[in-house]
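Hi there,

Here is the structure I promised to send over. Have a look at it, and then read on for my notes.

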Amino acid sequence: MQAWQVHENGEPSEVMRLADVAQPVPGEGQVLLKVRAANINFPDVLMCRGHYQVRPPLPFTPGVEICGETEDGRRVIANPALPYGGFAEYAVADAAALLSAPDSLDDAEAAALHIGYQTGWFGLHRRAHLEAGETLLVHAAAGGVGSAAVQLGKAAGATVIGVVGGAEKAAVARELGCDVVVDRRSQDVVSAVKEATGGRGADVIYDPVGGEAYTQSTKVVAFEGRIVVVGFAGGTIPSPGLNHALVKNYAILGLHWGLYNTKNPKLVQHCHEQLTELAARGAIKPLVSERVPLAGAAGAVQRLGDGVTTGRIAVVPTGAQA
């Protein structure tokens with residue numbers, strides 16, 4: 001079969017190589033899946049660079065979430081068991097962690113209804129307890145992680161402010177349903193958010209960026225607000241001033257979604273049921289901005305790493321239906 005492999009760490013476009021390799025053999029408790037579509041995530045970029053908390057042995061195949069097909073023909077959503085990731089014709093995954101692919105979504109959309117939406121649901125509902133009528137601020141609102149949070153926030157009845165970088169991404173954020181869009185390249189984020197909220201600030205802030213975005217969050221978080229830290233796509237891990245959190249009376253909440261797979265897997269299944277229901281009634285729909293063949297995976301991963309993509313990019317192997 002064909003699969004992308006990383007033999008040394010570096011930029012995805014330089015270290016990912018498409019090769020003919022042996023089909024992976026499932027281990028105990030695992031299943032072999034034909035990859036129907038694989039969604040590109042920022043962890044794929046970080047793993048290529050060697051900067052992710054999970055470091056699979058070299059060589060490995062990136063691709064941490066897929067819509068796959070079991071040997072008996074079922075469509076499922078899965079996180080492949082590395083080093084046999086999803087940017088390949090076949091992958092392996094833990095049988096106990098398979099989730100049914102919603103009938104309301106095609107393969108590429110189903111592949112994207114996992115990590116980003118699970119992270120959004122846990123962050124907004126389990127950690128921050130977002131309530132209808134509250135104001136939600138989402139950084140990188142046009143990206144894969146941010147777009148999921150925007151849709152989930154709107155579905156929960158929140159007023160959503162999306163922060164983006166550039167006019168193209170601003171247009172995408174508006175289409176996603178953001179009530180207010182702030183272009184950080186042409187507007188002062190802090191002033192714009194304060195103006196939009198009448199000086200009160202945002203009740204919940206969803207931050208997959210870190211760095212300057214986190215600093216901005218501390219300046220616009222409302223009384224009893226909650227900042228949910230879900231990643232550091234900006235490349236800088238902030239050092240929060242806890243005295244500031246005390247004086248302004250806000251909470252800083254960390255979210256590592258992957259831990260729920262081992263600490264509380266039943267909650268992951270419950271979340272998937274909620275997401276499936278939301279997708280069935282059209283309240284959420286993954287924004288798949290691009291579908292590329294397997295041969296285009298390395299370039300697509302690099303574009304995500306360069307920060308020039310919107311929504312999700314899906315890799316669709318030859319012969320699969322997207």
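Which residues have the most contacts inside the largest nonpolar core? They are M16, F122 and L136, in a core of 82 residues. By nonpolar core I mean a set of buried Ala, Val, Leu, Ile, Met, Phe, Trp, Tyr and Cys residues joined through side-chain atoms within 4.5 Å; buried is under 20% relative accessible area, exposed is over 50%, and partly exposed is in between (1.4 Å probe, protein chains only).

Before going further, two notes on the ground rules. This is a predicted model, where local features need pLDDT of at least 70 and side-chain atom pairs count only at pLDDT 80 or more, while totals for chains, interfaces and linings use all residues. Residues are numbered from 1 along each chain as its sequence is written, and side-chain values use heavy atoms, with hydrogens and water left out.

**The cores**

Helices (H or I, at least four residues) and strands (E, at least two) are DSSP runs, numbered from the N terminus. Beyond its neighbours within four places in sequence, L136 is in contact (heavy atoms within 4.5 Å) with residues including L124, L130, V160, I161 and Y206. There is also a second, separate core of 17 residues, and I161, V163, V193 and A245 are among them.

**Helix α7**

V193 turns up again in helix α7 (residues 189-196), where V189, V190, A192 and V193 are buried. These four lie on the same side of α7, because they cover an arc of only 165° around the axis (the arc of the directions from the helix axis to the C-beta atoms). The cover over the buried residues of α7 includes β8 (135-139), β9 (159-164), β10 (180-183) and α8 (212-220). Just after the helix, G198 takes a positive phi of about 65°.

**R312**

R312 lies in strand β15 (residues 312-316), and R312 is buried yet has no salt bridge. A salt bridge here is a side-chain nitrogen of Lys or Arg within 4 Å of a carboxyl oxygen of Asp or Glu. The nearest side chain of opposite charge is that of E65, 4.5 Å away; Lys and Arg count as positive, Asp and Glu as negative, and His and the chain ends are not counted. What does the side chain of R312 reach at 3.4 Å? It is the backbone oxygen of I40. The side chains of R312 and N41 are also joined by a polar contact of 3.3 Å (a pair of N or O atoms within 3.5 Å; within protein, one must be able to donate a hydrogen and the other to accept it, and residues adjacent in sequence count only if both atoms are side-chain atoms).

**Salt bridges**

The structure holds 12 salt bridges. One of them pairs K285 with E109, with the closest N and O atoms 2.9 Å apart. K285 sits in the loop between α11 and β14 (288-293) and E109 in helix α3 (residues 107-111), so this pair ties together parts that are 176 residues apart in sequence. K285 is partly exposed, at 43% relative accessible area, whereas E109 is buried at 9%. Salt bridges that share partners also join R36, E69, R75 and D107 into one network. E8 and R17 meet through their side chains in a salt bridge of 2.6 Å, N to O.

Best wishes
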